Amino acid sequence: MASDSDKHGKHIIEIRGLKYRRGEKLIFDGLDIDILRGKVTAIMGPSGTGKTTLLSIMTGQVLPDKGKVLVDGKSVPTLSSDELFELRKEMGFLFQNGALFTDYSVYENVVFPLREHTDLPESLIRHIALMKLQAVGLRGAADLMPAELSGGMARRVALARAIAFDPKIIFYDEPFTGLDPISMGVIVRLIRELNDNLGLTSIIVSHDVEEVSSVSDHSYLISEGKVVAYGTPQELEQNKSAWVRQFMKGLADGPVPFHYPAPDLATQLLGERAK
Amino acid sequence: MRVLREAYYILLGFLEMMGACGLFLFRLLRYTPHALRRPGLIFQQVFNIGAMSLVLIMVSGLFVGMVLGLQGFNTLNKFGSTNILGTLVALGLLRELGPVITALLYAGRAGTALTSEIGLMRATEQLAGMEMMAVDPVRRIVVPRFLGGVISMPLLVGIFNAVGLLGGYYLGVIHMHVDRGSFWSEIHARVDFQEDFVSGIIKSFVFGVAATLIAVFEGYYAQPTAEGVSRATTRTVVNSAVAVLALDFLLTALMF
């Protein structure tokens with residue numbers, strides 16, 4: 001076993017030779033990924049490349065077909081459900097839609113993990129919750145219900161809940177999708193601040209090149225089940241590969257064709273008329 | 001041949017669902033001791049499921065009791081034995097109508113609420129979010145609701161029977177002038193505690209387990225889409241109704 005993935009090693013997550021198939025489609029074909037401890041690492045790629053699936057595999061929600069997935073020195077796919085739950089206490093996960101409990105107020109959402117896992121006195125729980133809400137700038141919204149929040153606020157509340165239990169690693173699933181520019185700026189700032197102030201390791205899955213480049217230390221570009229490129233945002237910016245350039249610049253056509261694979265148009269139209 | 005094959009697949013699907021339901025029940029029972037350590041969560045569900053169904057159960061009970069009183073009076077009147085009207089109403093309610101009708105109403109009122117609540121929590125990733133916070137949604141969400149339902153059902157049946165009896169009393173004694181003393185004394189004399197009362201409670205308990213299990217099972221395994229949740233809710237009502245009626249026959253055959 002690699003020494004890198006030890007308790008205090010350089011890499012907090014180590015993935016080797018990951019293979020995963022969903023139905024007929026091969027999602028990952030021998031993926032290798034290392035996540036540096038204490039850094040913000042982004043995983044980018046076009047929609048449908050399985051970025052979210054990769055997060056699910058890292059957090060043990062989905063089992064890979066093959067390959068090694070080490071998180072903080074533990075092999076995630078082979079953990080029992082109790083061990084997995086122990087490991088998850090050290091993970092925070094920000095769902096794309098926040099996944100807030102709609103029947104609980106903002107405050108009750110944030111204290112939920114604390115009440116479930118600890119016997120702390122109510123006054124202390126209250127202090128922790130208010131501090132976490134303060135960190136995301138929503139202490140004043142503690143008594144609102146999730147339905148009363150805007151999309152950006154809901155995501156910040158979910159973020160406060162994700163850090164309520166002081167995790168070591170925090171996963172962001174598409175944190176920038178569907179936000180207005182101001183909320184986007186707030187989330188970018190929070191990801192950076194929380195990472196540095198709380199000593200977290202942050203992993204962002206996203207396809208928003210600009211925002212990711214402004215916040216991440218390193219990025220992986222994945223496509224068709226493999227890592228296409230890895231580096232700092234500057235290195236990716238200057239990458240010569242045609243595919244990387246198409247993705248980073250958002251060009252409609254290139255190595256990734258505009259058209260989904262299909263039979264020849266003329267043949268298909270004529271063929272349909274013949275029926 | 002094709003009909004046979006279709007029937008075979010339907011049977012197979014039915015057995016598969018029964019098996020999955022049974023496994024789910026074992027899982028719920030395994031977590032029950034754990035859930036009992038947090039009675040607050042269960043009582044909250046007794047309130048949500050039971051107390052919120054009270055008005056429906058009481059109104060329905062009143063009408064069923066009155067219908068029993070009316071039908072019973074008209075029939076017994078032909079034989080000049082309206083003095084045993086109380087017994088007829090009481091036995092009808094305790095042995096059959098109380099548990100069965102309450103269970104059917106429960107499936108429509110509380111079962112559908114449970115299914116859609118849990119199904120929507122799944123569809124909006126609230127259950128996944130809980131898992132990511134190292135909280136098992138079966139323990140935290142499903143088991144308290146299941147136990148709340150199982151506790152609520154016999155209580156609801158008791159209330160249904162009591163109100164139904166009053167309905168029968170109103171119709172028979174106040175409206176049709178059956179002798180009040182014989183109405184009550186006949187009930188007292190002829191309703192057996194073991195045979196009638198306890199068997200009714202056993203029935204209501206079994207129905208409670210079946211209807212609540214179906215509701216939480218359908219909700220937990222609902223397709224996480226709007227259509228999936230709506231289908232699951234429909235299945236809850238249909239399957240609960242069939243299960244309750246089939247179990248009723250089975251229990252009646254066994255106990256009486």
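A crossing is left-handed if the near helix is turned anticlockwise from the far one by less than a right angle, and right-handed if clockwise. Helices (H or I, at least four residues) and strands (E, at least two) are DSSP runs, numbered from the N terminus. This is a predicted model, in which local features need pLDDT of at least 70 and side-chain atom pairs count only at pLDDT 80 or more, while totals for chains, interfaces and linings use all residues. Residues are numbered from 1 along each chain as its sequence is written, and chains are lettered from A and ligands numbered from 1 in the order in which they are written.

**Exercise 1.** Describe how α3(A) passes α5(A).

Step 1. Helix α3 (residues 106-117) of chain A packs on helix α5 (residues 151-162) of chain A with axes 8 Å apart and an angle of about 30 degrees. Axes are lines fitted to C-alpha atoms, for helices over the stretch in contact, and angles run from 0 to 180 degrees between N-to-C directions.

Step 2. Angles under 35 degrees count as roughly parallel, over 145 as roughly antiparallel, 65 to 115 as roughly perpendicular and the rest as oblique. Therefore α3(A) is roughly parallel to α5(A).

Step 3. The crossing of α3(A) past α5(A) is right-handed.

Step 4. On α3(A) the contact involves Val106(A), Asn109(A), Val110(A), Phe112(A) and Pro113(A), and on α5(A) Val157(A), Ala160(A) and Arg161(A). Two residues are in contact if their C-beta atoms, placed from the backbone, lie within 7 Å.

Step 5. By class, these residues comprise 6 nonpolar, 1 polar and 1 charged. Here Ala, Val, Leu, Ile, Met, Phe, Trp, Tyr, Cys and Pro count as nonpolar, Asp, Glu, Lys and Arg as charged, and the others, Gly among them, as polar.

**Exercise 2.** Characterise the packing of α1(B) and α6(B).

Step 1. The axes of helix α1 (residues 2-36) of chain B and helix α6 (residues 137-175) of chain B cross at roughly 95 degrees and come within 9 Å. The pair α1(B) and α6(B) is therefore roughly perpendicular.

Step 2. Among the residues making the contact are Tyr31(B) of α1(B) and Phe146(B) of α6(B). The contact divides into 9 nonpolar, 2 polar and 2 charged residues.

**Exercise 3.** Give the strand order of the open sheet in chain A and identify its edge strands.

Step 1. The 6 strands follow the order β6-β7-β8-β3-β9-β10, with mixed pairing. Two strands pair if DSSP finds at least two bridges between them.

Step 2. β6 (91-94) and β10 (226-231) of chain A are the edge strands, as each pairs on one side only. From one strand to the next the twist averages 15 degrees.

Step 3. Strand β9 (residues 218-223) of chain A runs antiparallel to β10(A), joined by 5 bridges. Ile222(A) stands opposite Val227(A) in β10(A).

**Exercise 4.** Is Glu193(A) buried or exposed?

Step 1. Glu193(A) lies in helix α6 (residues 181-198) of chain A.

Step 2. A residue is buried if 20 or more other C-beta atoms lie within 10 Å of its own, exposed if 12 or fewer, and partly exposed in between, with C-beta atoms placed from the backbone. Glu193(A) counts as exposed because it has 12 C-beta neighbours inside 10 Å.

**Exercise 5.** Summarise chain B and its contact with chain A.

Step 1. Chain B contains 9 helices and 0 strands. Buried residues account for 45% of its 256 residues.

Step 2. The contact takes 14 residues from chain A and 10 residues from chain B. The chain B side has 5 nonpolar, 3 polar and 2 charged residues.
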